[in-house]
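Please walk through the model shown here, with attention to how its chains are related and how they meet.

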Protein chains: 2
Amino acid sequence: MGQRGRRRGSIGVESRNLLLEKAAEEFAKCGFHETKISTIVKRANVTQPSFYLYFSSKDAIFQELVGSFHSTLSDLVQQSRLESGLKLDSLEAEIEYKLTAIFTYFKNNQDLTKIGFYISKDAGRLKGQIAAQIEENLLKEQRDGYFQPDIDMHTVAQSLVGIMERLTIVKLFTGMREPGNLANEIVRLILNGIISR
Amino acid sequence: MGQRGRRRGSIGVESRNLLLEKAAEEFAKCGFHETKISTIVKRANVTQPSFYLYFSSKDAIFQELVGSFHSTLSDLVQQSRLESGLKLDSLEAEIEYKLTAIFTYFKNNQDLTKIGFYISKDAGRLKGQIAAQIEENLLKEQRDGYFQPDIDMHTVAQSLVGIMERLTIVKLFTGMREPGNLANEIVRLILNGIISR
DNA sequence: CTTTTATATTACTCATGAGTATTATCTATC
DNA sequence: GATAGATAATACTCATGAGTAATATAAAAG
């Protein structure tokens, strides 16, 4: 017979955060539909009605997680706007630096990343926004003559997103690469290609 | 009051194929959990028990679709083994040709592609297999001196899969690119990079 | 032309899991 | 120290949708 009523020292916001944390783990591991509220509350040592004190529905808590990922990532990509007038040398380093920041966030928030990037229904829209932002950057540099003029930067930007998406899973989350190495590898690949010269 | 019993001229295999077709559309559009057997049978003009004449469960029909995509794609990638002793010129054309075949299959089987590549739970494993096959190809060419020797072909192969995955959705399925154009664009990007020389 | 087999239907069961009504206890405030 | 508001538990409801039992008819086999 568990204790009824408010427990000694219990503070709502802590239960809420615990629920968010466990929910993120479950959603990331099982996807939306296969995640049960009953499992989340069990893992958070809370009962089901308590869950509904803090979140109006299963969708609501999921959306809160997605929103959190979305807004942080948007900020990071926003910040990755390149300053104009870079030297060619620093261009590579600059892009690498911004990418590293993004990968670092991914690495430190794996559950959220999986949810926002792979599980959420509007993962597609989010990736589109990020691609658009990247494309804007690339176009500027292309106009400045850094890149070949005949390349479609829409394709490049989308490709970059595809690469990030895939390598985050197979290299970053498996521990095969650190954010910095991964960023460096990608930048060199995209800038120079693989062919011998 | 619909007619009971076997209908004039009705042939099981036709109902079965119709169910597969409608199921593919629904799964591709809504995902696994949000697809209802009741919707599939409605769209196929069949009743629910008839569905279970041909498929033992919802999972079974889903897996049949996934398996079909998986095996065709495996074949295509298998065939994309490059012959040894290619000239440098023909290497680019050769890779582009194989990629075009894959994109053509994707374009002609959009529902199946979405299911096998994006919705299925073992989409990740499938992509891993494809990446492994691509990597094998690339390593051979790298040993033959076509590619820069210091590049990690595991990363390149996975990147290629990521690019295919993303561009299939945003370029191929939207009609922005035909298979051949898309393949060409990707090959040039990966081989040469984007930087001005 | 009778029997068997394949194809189909109507009308159900039943498990699951999201969400709730009710009640209890703790803490802060006056 | 009485009261209000916040936090929690027990024990439920209820919709949904996968899967089934029982039955009927067409076509093929003998």
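Predicted model: local features only at pLDDT ≥ 70, side-chain atom pairs only at ≥ 80, totals over all residues.

Residues are numbered from 1 along each chain as its sequence is written, and chains are lettered from A and ligands numbered from 1 in the order in which they are written.

Superposed by least squares on the C-alpha atoms of residues with pLDDT of at least 70 in both copies, chain B can be laid on chain A with an RMSD of 0.0 Å by a turn of 180 degrees and a shift of 0.0 Å along the axis. That is the relation of a two-fold axis. Of the residues of chain B, Gly193(B) comes closest to this rotation axis, its C-alpha lying at 1.9 Å.

Taking two residues as in contact if their C-beta atoms, placed from the backbone, lie within 7 Å, 28 residues of chain B are in contact with 28 residues of chain A. On the side of chain B that touches chain A, α8 (153-172) and α9 (179-192) each supply at least two residues, where helices are DSSP runs of H or I with at least four residues, numbered from the N terminus; α8(B) gives the most, with 12 residues. Because 100% of the interface residues of chain B are also interface residues in chain A, the copies meet through the same surface.

Within chain A, the contact between α8(A) and α9(A) is made by residues including Leu160(A) and Ile163(A) of α8(A) and Leu182(A) and Ile186(A) of α9(A).
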